[in-house]
Amino acid sequence: MANHSTSHPTHVQHHFVDSDQQFDSAKMGMWVFLVNEILFFGGLFCAYIVYRAWYPELFTEAALELNTFWGAVNTVVLIGSSLTVAMAIRSVQKDQIEGLKKNLLITIALAVVFMVIKGFEYAHKFEYGIFPGEYYTYEGLQHAQAAIFFSIYYMLTGVHALHVIIGIGLIWWIYVRAKRGEFSSEYYTPVEITGLYWHLVDLIWIFLFPLLYLIE
Amino acid sequence: MATAEVSNKRTLKVKRFKPSENPKKTFLTEEKGLWAWLTTVDHKKIGLMYLGSVAFFFLLGGVLALLLRTELLTPAKTFIEADTYNQFFTLHGAIMVFFVLVPSIPAALGNFILPMQLGAKDVAFPRLNLASFYIYVIGAIFTFIALANNGLDTGWTFYTPYSTDSTSSVIWVTLGIFILGFSSILTGTNFITTIHKMRAPGITWGKLPLNIWALYATSIIQVLATPVLAITLLLLTMERFLGIGIFDPSMGGDPVLFQHFFWFYSHPAVYIMIVPGFGIISEVITTFSKKHIFGYWAIALSSLAIAFIGFLVWGHHMFTSGQSAVATTVFSFLTFLVGIPTGIKILNWVATLYKGSIEMKTPMLYVFIFLFLFSIGGFTGIMLGSLAADIHLHDTYYVVAHFHYVMMGGTLIALLAGLHYWWPKMTGKMYNEFQAKVGAFLIFVGFNLTFLPQFIMGSQGMPRRYYNYIDQFTIFHQTSTIGSYILGVGFLLIAYYLFISMIRGEKAPANPWGSRGLEWQATSPPDLHNFDHTPVIINGPYDYHKPMEEFQLGLADSHHNGHDPSHEAAGAKKEVATN
Amino acid sequence: MGSLFDFMLPELKSPLTGATTDAVMGFVHIVSFILLAGVTIAMIYFAIKYRRKSDDDETPLITHNNKLEITWSVIPLLLVFIVFGWGYKGWLNLKTVPDNAYEIQVSAYKWGWTFKYDTGAQVGNEVHVPAGRPVKLVMQSQDVLHSFFVPDYRIKQDVLPNRYTYVWFQAEEAGESQVFCTEYCGTSHSDMLAKVIVHTEEDFKAWLDEQGTGGGGTPEERGENLITLQGCVSCHSVDGSDGIAPTFQGLWGKERNFQEAASVSADENYIRESILDPSAKIVEGFQNQMVSYEGRLSDDDISDIIEYIKTLEE
């Protein structure tokens with residue numbers, strides 16, 4: 001580590017020695033936070049595994065109620081948004097602030113598309129009376145524990161959707177800061193760590209999609 | 001990280017910085033006023049705010065405990081109703097676990113000490129640190145809403161289906177603790193990053209104080225276990241809110257699954273509470289023996305081993321629950337393995353005393369009390385890990401006594417050791433040594449009088465969480481209640497002399513105990529940015545065989561206010577290779 | 001030493017289930033005591049012998065000793081292996097019910113126990129068993145988690161609402177033992193007690209015959225029996241005192257005031273509704289705590305209980 005007397009650029013907080021230390025710390029902190037996120041979803045996946053082991057036939061039956069086509073579209077949409085986030089980081093590294101802003105906007109648009117499709121999927125299920133928990137009234141499934149599958153479905157996708165909404169907020173905040181000209185190839189830590197977060201949101205969906213929609 | 005930089009050793013110019021005994025500016029004199037405190041990002045002020053909050057909740061939980069013990073003076077009703085009693089023990093447990101023990105050492109003492117022991121100006125994310133504190137406060141507010149509104153009567157473990165049927169405010173408390181969990185997660189994230197990225201020049205992994213190793217292990221558990229508690233409580237909340245049925249037997253769910261989820265967090269949480277206590281013991285025992293720690297790596301790595309194995313033993317809370325036989329066997333076996341690194345630590349500490357220069361100041365007195373009480377807690381833990389014995393002892397007062405010996409005799413006594421040890425550093429004032437020793441004596445006597453009888457009555461069959469009890473247990477309950485009053489007086493005495501010391505205590509020198517720890521090379525109380533120079537480390541934190549001058553080095557060209565002329569005299573150039 | 005352990009444990013009345021438990025506990029207590037004494041004496045001895053003589057004391061540099069570390073890792077490891085194996089053996093024994101065990105069905109509810117025999121006989125809060133013969137209890141809960149604990153037999157097992165769990169024991173001599181509920185279950189958790197009453201083989205037969213098939217007697221008598229068996233009396237007194245729930249005394253024909261429903265006078269339909277759907281009408285000053293008895297009481301049972309309540313005049 002370098003010594004203290006090097007002059008501080010404005011974006012370096014007082015307690016860091018230099019820009020590198022600040023960048024490394026932020027990145028590491030985000031990674032640790034992502035590990036925690038994985039454990040958070042891990043609890044839900046665990047509930048999924050337990051109930052799938054207990055009621056395997058329920059899961060195959062109930063999965064047919066989910067719309068695989070729109071699920072697949074959403075998967076493509078999210079993977080696309082991960083790509084644009086990566087391109088946003090690439091742009092800022094090359095000091096192309098216009099490219100950064102454009103890519104961030106496309107990411108937000110894709111995330112909104114994801115949420116709209118998800119909203120239609122939910123609305124479609126509510127029409128049939130497929131509500132979570134005790135409000136479940138659908139009669140198309142014979143299984144006695146049918147409500148449990150959808151409880152798990154709503155919990156998993158609901159918590160994931162919450163993460164998407166938080167992601168939209170974060171990326172919008174990054175966009176606003178980019179517009180103010182706060183980022184350059186010298187300093188783009190917030191862009192990088194928000195990107196990390198967004199990749200995780202994408203990754204979790206890549207697990208959710210086959211587990212919920214594609215059970216044979 | 002350390003190995004990556006070994007290849008490009010650099011030479012730093014250093015000079016001696018002796019901490020001033022009369023600091024003009026300290027973190028207490030700068031940024032004064034209530035608003036400055038509430039909006040501060042200074043880790044020291046945040047640590048003290050945590051300390052205040054923890055003390056407040058400890059008072060609350062302690063008063064509840066005394067009320068419970070008073071009710072148990074007689075076998076039938078003494079002065080409160082059964083429902084009130086049930087609420088009191090639930091709140092006593094929930095408050096002591098979530099609001100006192102979990103944040104006590106890492107968030108209160110750790111926040112203050114960790115950056116100083118690393119020679120950093122602050123933690124890696126100071127604003128996040130402040131946010132953690134306010135998240136803790138919001139979690140507390142949720143819990144108070146529950147208190148004002150029906151209370152909580154599920155026991156701190158929230159077992160389903162009782163907790164899904166209960167008419168008390170379960171949702172408020174589970175949400176409160178859900179929120180509180182994020183405070184713990186963010187503190188852990190902050191500490192891990194700080195330990196990795198913010199160490200002063202020369203602090204390699206092999207020169208980290210053992211307190212840092214302990215906090216590092218704790219932070220890892222916090223980050224890995226707390227999210228599972230969060231999702232469990234979220235599921236429980238949804239269970240009550242939407243009836244999702246995952247834990248509800250009448251809907252095809254399983255209450256035992258809840259227990260698995262709950263203990264997957266709550267067992268590692270036990271280590272979140274006790275492991276930072278181990279760190280304090282290592283610091284105090286070396287300082288007051290004036291001797292190098294015995295088995296540095298054994299103690300450092302056993303913390304990590306405990307953190308790791310601690311994740312695999314949660315099922316030992318469920319030997320009678322109806323979990324599968326294979327699970328029960330494996331969990332019992334692993335439980336014994338986690339006892340080994342703990343035993344290793346105790347023996348290493350005792351070995352550290354050998355041929356030392358032992359001074360029985362109050363912090364050291366608490367270390368001795370810790371070693372005695374925590375050993376009893378550990379041995380009875382081995383007893384409870386044994387399947388046949390656990391079937392008999394599960395959910396009796398034997399378990400109650402066991403975890404009080406571990407959590408109170410361990411964590412809380414370690415906290416008291418640390419509090420007395422670092423009090424001069426935190427406040428710049430000395431407390432009255434005689435009163436402190438009387439306090440420690442009262443705590444020791446009161447504690448054993450309270451909890452030793454509980455081993456006997458538990459072993460005889462007295463179940464826990466009982467409002468009424470059969471007559472044969474009366475004598476044990478009464479002894480225990482008397483003990484708890486003595487304990488209460490002990491804590492009041494501690495509160496009294498610590499308070500007095502803040503007002504008119506003797507001024508503390510920079511390093512009253514002659515410790516080699518880096519935090520003692522700052523002034524008492526420290527500067528707003530901890531050190532007014534960049535510290536450089538060439539020796540380990542327990543190298544008591546080396547002269548004090550070698551522990552007072554900093555970069556030669558770092559700023560210094562220069563009040564103490566001795567720096568100039570000691571400003572000889574010294575070449576230090578860092579890696 | 002032996003007498004201390006006798007003092008710590010209640011007299012063992014089912015050696016087949018409890019002998020290993022007692023032996024393991026004795027072993028762990030003795031070894032722990034020796035180790036604790038060793039650590040404590042060493043600590044105090046060092047503190048006195050090596051007390052600080054002056055501020056300039058110099059201490060030798062002793063950083064570690066691998067042989068010592070290995071010794072004090074391996075010896076405790078061996079000790080805990082012994083404790084594990086021993087405890088495991090005892091636990092396997094607790095889980096292995098002998099083939100000739102006499103089976104009794106147990107139903108736990110807030111806050112009491114019902115024991116059903118294969119003759120159809122039912123008793124509440126006391127279970128009568130034959131001496132010298134293994135007894136297996138097959139248990140299920142009507143509501144929340146409970147736990148069946150008999151200290152004298154060293155047995156304990158949680159009772160769950162969605163599945164059956166079991167314990168077994170063999171009391172060697174006639175006598176009584178205390179049963180506790182050890183899983184927290186609400187207001188009267190600490191009053192959820194029962195007794196095991198051990199008879200000699202002949203006495204047990206005689207007792208069981210005396211019970212008949214659970215029926216018999218006038219409707220009032222059957223009703224009185226039922227409210228004890230089903231645990232109604234643990235909340236609803238019959239002597240006029242209001243506890244957790246309203247008393248049964250003087251209930252018949254009385255005007256009831258509710259928290260959220262119009263008042264009615266207590267007739268057959270009201271009592272029937274209160275048993276089958278307790279949360280429909282909550283009497284003022286009380287909380288909704290009762291579980292439904294739908295499926296647990298037949299229509300005849302309910303009529304008998306109503307007949308009995310009619311007799312409880314103020």
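Let's start with confidence: this is a predicted model, and chain A averages a pLDDT of 87, with 95% of the residues scoring at least 70. There is one stretch to be careful with. Over residues 1–6 of chain A, pLDDT stays under 50, and for that stretch the model has 16 contacts beyond four places in sequence. Where pLDDT is low, the predicted coordinates should not be read in detail. Please keep that in mind when you look at the beginning of chain A.

Now, what is chain A built from? Its secondary structure comes to 6 helices and 0 strands. If you walk along from the N terminus, the elements read α-α-α-α-α-α. The C-alpha trace of chain A spans about 70 × 30 × 25 Å along its principal axes. Of the 216 residues in chain A, 36% count as buried. And if you take the contacts in chain A between residues at least 6 apart in sequence, 73% of them join residues at least 24 apart.

Let's see who touches whom. Which two chains have the most contacts between them? Of the 2 pairs of chains that touch, it is B and C. Chains A and C do not touch, and their nearest C-alpha atoms are 14 Å apart.

Chain A does meet chain B, though, and that contact takes 32 residues from chain A and 36 residues from chain B. On the chain A side, α1 (19–54) and α5 (146–179) each supply at least two residues. The largest share, 16 residues, comes from α1(A). And what kinds of residues make up the side of chain A that touches chain B? They divide into 16 nonpolar, 14 polar and 2 charged.

Next, the inside. In soluble globular proteins, nonpolar side chains tend to be buried together. Here, the largest nonpolar core has 303 residues, and those touching the most other members are B:Ile281, B:Val367, B:Ile369, B:Phe370, B:Leu371 and B:Ala417. The helix that gives the most to this core is α4 (residues 82–117) of chain B, with 22 residues. Let's zoom in on B:Ile281. Not counting residues up to four places away in sequence, B:Ile281 touches B:Trp349, B:Val367, B:Phe370, B:Ala414 and B:Ala417. Apart from that core lies another one, of 6 residues, including C:Phe248 and C:Tyr308.

While we're in chain B, find B:Met457 in helix α15 (residues 433–460). Is B:Met457 buried or exposed? It counts as buried, because it has 25 C-beta neighbours inside 10 Å, and the cut-off for buried is 20 or more. Leaving aside neighbours within four places in sequence, B:Met457 is in contact with B:Tyr397, B:Met462, B:Phe473 and B:Phe476. As for B:Leu67, it is 390 residues away from B:Met457 along the chain, and their C-alpha atoms are separated by 20 Å.

Last stop: the sheet in chain C. It is an open sheet of 5 strands, in the order β3-β2-β1-β5-β8, with mixed pairing.

Let's go through some of the pairings. Strands β1 (residues 102–109) and β5 (residues 135–141) of chain C run parallel, joined by 7 bridges. In that pairing, C:Ile104 has C:Leu137 as its bridge partner, and C:Glu103 has C:Lys136. On the other hand, β1(C) and β2 (residues 112–116) of chain C pair in the antiparallel sense over 5 bridges, and the two form a hairpin with 2 residues between them. There, C:Gln105 has C:Lys116 as its bridge partner.

Then comes β5(C) with β8(C), antiparallel over 5 bridges. C:Met139 is bridged to C:Thr165, and C:Leu137 to C:Val167.

One more look at β5(C). In a regular strand the side chains alternate between the two faces of the sheet. In β5(C), the covered face holds C:Val135, C:Leu137, C:Met139 and C:Ser141, while the uncovered one holds C:Lys136, C:Val138 and C:Gln140. Thanks, everyone!

How values were computed. Residues are numbered from 1 along each chain as its sequence is written. Chains are lettered from A and ligands numbered from 1 in the order in which they are written. This is a predicted model: local features need pLDDT of at least 70, side-chain atom pairs count only at pLDDT 80 or more; totals for chains, interfaces and linings use all residues. Two residues are in contact if their C-beta atoms, placed from the backbone, lie within 7 Å. Helices (H or I, at least four residues) and strands (E, at least two) are DSSP runs, numbered from the N terminus. Ala, Val, Leu, Ile, Met, Phe, Trp, Tyr, Cys and Pro count as nonpolar, Asp, Glu, Lys and Arg as charged, and the others, Gly among them, as polar. pLDDT is the predictor's confidence in each residue, from 0 to 100. Two strands pair if DSSP finds at least two bridges between them. A nonpolar core is a set of buried Ala, Val, Leu, Ile, Met, Phe, Trp, Tyr and Cys residues joined through C-beta atoms within 7 Å. A residue is buried if 20 or more other C-beta atoms lie within 10 Å of its own, exposed if 12 or fewer, and partly exposed in between; C-beta atoms are placed from the backbone.
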